[in-house]
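Welcome! Take a look at the sequence and the 3D view below, and then we can walk through a few features together.

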Amino acid sequence: QDSPLKAVQMLWVNLIMDTFASLALATEPPSESLLLRKPYGRNKPLISRTMMKNILGHAVYQLTLIFTLLFVGEELTPTRCSAHRQL
């Protein structure tokens, strides 16, 4: 059986995936207070109330934009030729 991805392709996938993960971890500089704080409890939620508000706010914004473009996009954007309207 042949593997769907060759060795070089697997290396590229690994490089790309590791790059995004390292960028996510490198966005916040380390501070002494972060290292000295106590760990969160086992029963604490992973997503805080503020994070949930941000996630839901972004979801509503993106859905509104997508559905607006989907259903009203042709009226909002000017067309350059009349032949396009007949199709």
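## A helical stretch and its neighbours

Helices here are DSSP runs of H or I with at least four residues, strands are runs of E with at least two, and both are numbered from the N terminus. UniProt, in an unreviewed entry, lists residues 55-73 as "transmembrane region"; such annotations may be inferred rather than shown by experiment.

Keep in mind that this is a predicted model, in which local features need pLDDT of at least 70, side-chain atom pairs count only at pLDDT 80 or more, and totals for chains, interfaces and linings use all residues. Residues are numbered from 1 along each chain as its sequence is written, and side-chain values use heavy atoms, leaving out hydrogens and water.

The chain has four helices and zero strands, so reading from the N terminus gives α-α-α-α.

How many aromatic pairs does the structure hold? There is one aromatic pair: Phe-67 and Phe-71 are stacked, with 6.1 Å centre to centre and 20° between the planes. Rings of Phe, Tyr and Trp (its six-membered ring) pair if their centres lie within 6.5 Å; planes under 30 degrees apart are stacked, over 60 edge-to-face, and the rest tilted. Both residues belong to helix 3 (residues 49-76) and sit four residues apart, about one turn of the helix. Here is how accessible each one is:

| Residue | Relative accessibility | Class |
|---|---|---|
| Phe-67 | 45% | partly exposed |
| Phe-71 | 60% | exposed |

## A charge over a ring

Elsewhere, Arg-37 lies over the face of Tyr-40, at 4.3 Å from the ring centre. For this, NZ of Lys or CZ of Arg must be within 6 Å of the ring centre and within 35 degrees of the ring normal.

Key: Buried < 20%, exposed > 50% of the residue type's maximum accessible area, 1.4 Å probe, protein only.
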